Amino acid sequence: MRQLNEVFLMNDLPVIPGFPVHQGKVRYVYDLGERLLLVASDRISAFDWILPTRIPDKGKILTQMSLFWFRWLGVGNHLISSDLADFPQPFQREEFAGRSMLVQKTTVFPVECVIRGYLAGSGWVDYQKTGAVCGVQLPAGLPESAMLEPAIFTPATKAAMGSHDENISFATMQNLIGEHDATILRDRSLDIYERARAYARTKGLILADTKFEWGRTANNEIILIDEVLTPDSSRFWPMDDYQPGRSQVSFDKQFVRDWLLRTTWDRNSPPPELPADIVAQSREKYLEALERLSGQRLV
């Protein structure tokens, strides 16, 4: 993330004097001292570019999904409140409503804990080349989108904005953060994934893969941070359309990626505006994921 000094941040949110703010691809983080305010915008990114077109309500949908999962999972996490009344007074304004979480500040582990339960995306590309995914050897002859049982843990280093995350081995992760902490993060991530995968099946959805982030508190407790099990951090597929041997329909920004791939955009220059139908389809997919998984409509 990079620190911003503009009066308004990409026309989304105001700079609040006395509270440093950093911007990621789609979110803002306000530093409140011992706490942080995480704010999800309606921006959408693809192929490491922030697209010029917004997806209406996307930030609110992702925030509401994370709040559902934090409650459902029942594991230690950084959430303090999403109620505007609990925010510091300068942040009790409409721009922050519904898309913000007041969270505990932690020392963030410099790895993303990626769990893959199906052979898809970059994992499928890796498997075709090497017979393995991020160094984890798999049986020969698996089709695209094959279920992996048990799921595999494939950590990655967190990249700077504009760069790709780099897949690493578990041994490399151990060298980065220590064997003890690496084992805790791996085991907890796998446990959460398996519980969430089983729950998603009861809602007619497949949780193909996901990524978690963890942090350490001042009291030396390791807790779950960031967003969790949203369509931006996970790959959800409808069970009734699942068929190994091909790519699957996803409840995420797949409509956006597919449309961009059909254009003449070279991925090296600023991306084009999204047409209205792609924006509408993407928003509907995000909403459907929220409603099917949580049983809630957008607040």
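A charge sits over a ring if NZ of Lys or CZ of Arg is within 6 Å of the ring centre and within 35 degrees of the ring normal. Keep that in mind. The model on screen is predicted.

Here is one case. Lysine 285 lies over the face of phenylalanine 251, 4.4 Å from the ring centre. Here is another. Arginine 267 sits over the face of phenylalanine 47, and there the value is 4.1 Å.

Now ring against ring. The count is 16 aromatic pairs. Take tyrosine 118 and tyrosine 242. Their ring centres are 5.7 Å apart and their planes are at 80 degrees, so this pair is edge-to-face. Where are the two residues? Tyrosine 118 is in strand β12, while tyrosine 242 is in the loop between β20 and α5, so the pair ties together parts 124 residues apart in sequence. Tyrosine 242 has another partner, tryptophan 237. Those ring centres are 6.0 Å apart with planes at 15 degrees, so that pair is stacked.

Buried or exposed? Tyrosine 118 is buried, at 5% relative accessible area. Tryptophan 237 is buried too, at 1%. Tyrosine 242 counts as partly exposed, because its relative accessibility is 25%.

There is also a ring cluster. Ring pairs link Phe19, Tyr30, Phe91 and Phe96.

Last stop: leucine 102. Look for this leucine in strand β10, residues 100–104. Leucine 102 counts as buried, because its relative accessibility is 0%. What does leucine 102 touch? Its contacts beyond four places in sequence include Leu32, Leu36, His78, Ile80 and Phe87. Leucine 38 is 64 residues away along the chain, yet the two C-alpha atoms are separated by 6.5 Å.

Definitions and conventions: Residues numbered from 1 in each chain as written. Predicted model: local features only at pLDDT ≥ 70, side-chain atom pairs only at ≥ 80, totals over all residues. Heavy atoms only, no water. Helix = DSSP H or I, 4+ residues; strand = E, 2+ residues; numbered from the N terminus. Buried < 20%, exposed > 50% of the residue type's maximum accessible area, 1.4 Å probe, protein only. Contact = heavy atoms within 4.5 Å. Phe/Tyr/Trp six-rings, centres within 6.5 Å; stacked < 30°, edge-to-face > 60°.
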